[in-house]
Every structure is written in C-alpha cells, then in structure tokens.
Amino acid sequence: RSNLKRDQPEEVPAAMGIISDQAQGQALATRRLRSALQGPSATWTFHKGVRLFREVGLTLAPTFVPFTPWISLEGYQDLLATLAEMDLIEHVAPIQLAIRLLIPAGSRLLELREVRDLALGFDDALLSYRWQHPDQRVDRLQAGLQELVRQEETAGAGRREIFGKVWLLAEQAAGKPRRRPVEKPRGPARTPIPFMTEPWFC
C-alpha cells in the first residue's frame, strides 16, 4: 500500500481509496524506475563515481545490465560512447556489454504493468521470465552481441578489439554511423586492469 496521502471523501468506500493509492504508488514507482535507468542524474552519478575512484587511486571495474525493456538503440550507443569518453574500455568485461535483464520469480518488476505485458512466460531452465523488447532490433542486437563476445573471447581477442566490434554492430543495428569519441587517458598513468579469468559473470 502506498504511503501517499490524499484527501478522500467520506462517501467513498475505503477499498476504493486503497485501490487508488495502489495505482498512484505504482505510477510513482514506474516514474522513479525510469528516472533511475534513463535520467541524466544517473549519468551524472556515474561520472562522479568514476572521478572519485580515480582521485583515491582505486581501479573501477563497472558492471551493469545494458539490455532492459527501457533501453533504445540510441541509448545503447550512448552507453558505449560514455565508456570510451571516460577511458573505461579496458575496465569493462566484454560480456557486460551484452548482459540482458533477468526477471526471476517474485521480481518486483512484475508489479509494473509494462513489464508484465512484455513477459512471455517463465523459463524453468533459466529460472527467470522470458521477455521481448518493444523494438525487436534491440533483441537482435543483444543476441548478436552475446555471440560476438563468445567468439571473440574464445579466439583470445582483447577488450579494446572486442569493444570496436561491438561499436560497429551497434551502428549496424541503428542503421546509421556514429563517430567514436576520441579516447583520452584520464587520471594517473594506466596500470594493469585486474579482471576475473571467468568472463561469464554479472
């Protein structure tokens, strides 16, 4: 039940007030979720976090879930551009660029109608709900990237090389070229980036 307060006429049944409060609470949760995933404040917070890590001499290894029902092809390209601009290509495991949102049983995301509308049923093997993006090009890109990363890492390609191929695949999916930002070293001289030997992690 939502904590939102509202004036309720005495003649309106209490149950109606509860339903209305729940609807308002769900709408508020949806707006906050979208804001957190897409809003400029999230980008600003990320930039600030990167700067703070560098100021104290810590190595940042970002992990994230780029493919959600709310990502667009342009938004994904923005993510790649941000990683390049912030000199984080070597810091990010390539598989992170292809991670797809998992919606396990009991997920609070299923309380959002727009998520339920995208759900295709529970997959017992994956222990999560299958879902389809409103833009099928995004789903095709995610599947293509996952296979690309698998092949390239099996072949022993480096993170920067894989990133370049990910960038090109994203361009192809969007149907328009996008100039890759000039990468400028940030912070102190580069030191070896620690990483896990097992790439398939979240």
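Colleague: In what order do the elements of the protein run from the N terminus on?

Modeller: In this predicted model, where local features need pLDDT of at least 70, side-chain atom pairs count only at pLDDT 80 or more, and totals for chains, interfaces and linings use all residues, the order is α-α-α-α-β-β-α-α. Residues are numbered from 1 along each chain as its sequence is written, and side-chain values use heavy atoms, with hydrogens and water left out.

Colleague: Why is the set of 32 residues called a nonpolar core?

Modeller: It is called so because its members are buried Ala, Val, Leu, Ile, Met, Phe, Trp, Tyr and Cys residues joined through side-chain atoms within 4.5 Å, where buried means under 20% relative accessible area (1.4 Å probe, protein chains only). Tyr76, Leu80, Leu97, Leu145, Phe163 and Val166 have the most contacts inside this core, and α3 (73-85), α5 (136-154) and α6 (159-174) each supply at least two of its residues. Apart from it lies another core, of nine residues, including Ile103 and Trp131.

Colleague: How do you know which residues Leu97 is in contact with, leaving aside its neighbours within four places in sequence?

Modeller: Contact means heavy atoms within 4.5 Å, and among the residues that Leu97 is in contact with are Phe64, Pro66, Tyr76, Leu145 and Phe163.

Key:
Buried means under 20% relative accessible area, exposed over 50%, partly exposed in between (1.4 Å probe, protein chains only). Helices (H or I, at least four residues) and strands (E, at least two) are DSSP runs, numbered from the N terminus.
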